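Please describe the local side-chain geometry and helix packing in the structure shown below, with attention to rings, charges, loops and accessibility.

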Amino acid sequence: MAQTPAITITGASGRMGQMLLQTVLNSDKARLVGAVERKGHPWVGRDVGEAMGGQAVGVVVTDEPLEAFALSQAVIDFTAPAATLEFAALAAQARAVHVIGTTGMSEDDLEKLEPASRHAVIVRAGNMSLGVNLLTKLTEKVAAALDEDFDIEIIEAHHHHKVDAPSGTALMLGEAAAAGRGVSLSDMRDSGRDGITGARKRGDIGFAAIRGGDIVGEHDVLFASAGERIILRHVATDRAIFARGALKAALWGQGKKPGHYDMMDVLGL
C-alpha cells in the first residue's frame, strides 16, 4: 500500500499552526514529517509533540524550511505575507503542494506568487472552510441578481489578536460581490469610514471590522435596499474547520498540474 502524503506545517507554534499539527497527526490520510519555526524560536530542536505539551511524535521542529519541504508532498502555511513568499519559492523548489491560508497579502504579494505557481501547485484561499466557500458562491449569485438599488456591506468579527482588517475572508466575499456585479473591487471598495464622510456612494461595496475577545470568525454579507434587507451569514465556532479544509486542499493538490488554485477548485464549485 502506498504511503500517505507527507506534510510539513510552518509557523508550528502559533494557534493555527498547532491546530494544523493536531489535524495532520489525527488523520489517517496524511502523515506529519516537518514542523517549521523562525530562527531563534524556543521550539527549534525540540520534538513538536513535546513542545505542544504532549507525547513525542518523532518530528523535530526546524528553522531550515527547505530541508523539511524536501521530505514533503505538501506544505501548509498560515503565517505572514513575507514568510509565505519565502516559503512559496522553497516549496516550488521541492515541488511540494503549497497550501496558503495566510491573510493580509497585497496585490503585489500575490503577483510574486506567480513564478512559484509555474513549478508547483499553490492552493490559496482567504478562508479554507466549506461553509465560507459556499457563502462566497452565494454572495456572487445574489449580487448578480440584484442591481445597485441594493447596497452591499460586509461585516466581519474576529478575536482581538487579529492583525489585519478587513479579514481575508471579508475581502474574498467582497471580490465575489464585485464579480457578481461585473466590477472591480478595487474601484468600488469603501472601508474605514470615520467622521463626516458624506452620503454612501451608489454601487460601493462597504466593509466593517469588529475585533474582540476570542471570536473565531463571523461574516455577514448585507444587501440593503429601501424597505428590505437580505443577510447571508457564516459563523465559525472552532478554527479546526480551517485546519480540516487546509488538509483537504493539501490532499486534493497531489498529482495536479502546477498552477494557482483556490478552495472553489478543491470543492468543485
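Arg189 lies over the face of Phe207, at 5.6 Å from the ring centre, where a charge is taken to sit over a ring if NZ of Lys or CZ of Arg is within 6 Å of the ring centre and within 35 degrees of the ring normal. The charged end of Lys256 is likewise placed over a ring, that of Trp252, 4.5 Å from its centre. The model is a predicted one, in which local features need pLDDT of at least 70 and side-chain atom pairs count only at pLDDT 80 or more, while totals for chains, interfaces and linings use all residues. Residues are numbered from 1 along each chain as its sequence is written, and side-chain values use heavy atoms, with hydrogens and water left out.

The structure holds two aromatic pairs, a term applied to rings of Phe, Tyr and Trp (its six-membered ring) whose centres lie within 6.5 Å, with planes under 30 degrees apart counted as stacked, over 60 as edge-to-face and the rest as tilted. Phe69 and Phe87 form an edge-to-face pair, with 5.8 Å from centre to centre and 70° between the planes. This pair links distant parts of the chain, since Phe69 belongs to helix α3 (residues 65-69) and Phe87 to helix α4 (residues 81-94), 18 residues apart; helices (H or I, at least four residues) and strands (E, at least two) are DSSP runs, numbered from the N terminus. Trp252 and Tyr261 also form an edge-to-face pair, at 5.2 Å centre to centre and with 75° between the planes. Phe69 and Phe87 are both buried, as are both Trp252 and Tyr261, where buried means under 20% relative accessible area, exposed over 50% and partly exposed in between (1.4 Å probe, protein chains only).

Helix α4 also packs against helix α5 (residues 107-117), at an angle of about 10° and with the axes 9 Å apart; axes here are lines fitted to C-alpha atoms, for helices over the stretch in contact, and angles run from 0 to 180 degrees between N-to-C directions. That angle makes α4 roughly parallel to α5, in a scheme where angles under 35 degrees count as roughly parallel, over 145 as roughly antiparallel, 65 to 115 as roughly perpendicular and the rest as oblique. On the α4 side the contact is made by Pro81, Leu85, Ala88, Ala89 and Ala92, and on the α5 side by Asp109, Lys112, Leu113 and Ala116, contact meaning heavy atoms within 4.5 Å. Thr84, whose place is in helix α4, counts as buried at 0% relative accessibility. Leaving aside neighbours within four places in sequence, Thr84 is in contact with Asp77, Thr79, His98, Ile100, Thr102 and Met105.

Ala80 lies in the loop between β4 (74-77) and α4, and Arg95 in the loop between α4 and β5 (97-100). Arg95 has a positive phi of about 60° although it is not a glycine, and it counts as exposed because its relative accessibility is 53%.

The loop between β7 (151-158) and α7 (168-181) holds Asp164, and Pro166 lies in the loop between β7 and α7 as well. A cis peptide bond joins Ala165 and Pro166, with omega at about -10°. Asp164 is buried, since its relative accessible area is 14%. The side chain of Asp164 is joined to that of Thr103 by a polar contact of 3.1 Å, and to that of Lys162 by another polar contact of 3.1 Å; such a contact is a pair of N or O atoms within 3.5 Å, where within protein one must be able to donate a hydrogen and the other to accept it, and residues adjacent in sequence count only if both atoms are side-chain atoms. Not counting residues up to four places away in sequence, Asp164 touches Thr103, Gly104 and Arg211.

| Residue pair | Separation in sequence | C-alpha to C-alpha |
|---|---|---|
| Ala80 and Ala116 | 36 residues | 17 Å |
| Leu267 and Glu114 | 153 residues | 22 Å |
| Glu175 and Ser13 | 162 residues | 31 Å |

Ala80 counts as partly exposed at 36% relative accessibility. Leu267, in helix α10 (residues 263-267), is partly exposed with a relative accessible area of 21%, and touches Leu130, Asn133 and Lys248, not counting residues up to four places away in sequence. Glu175 has its place in helix α7 and is partly exposed, with a relative accessible area of 41%.
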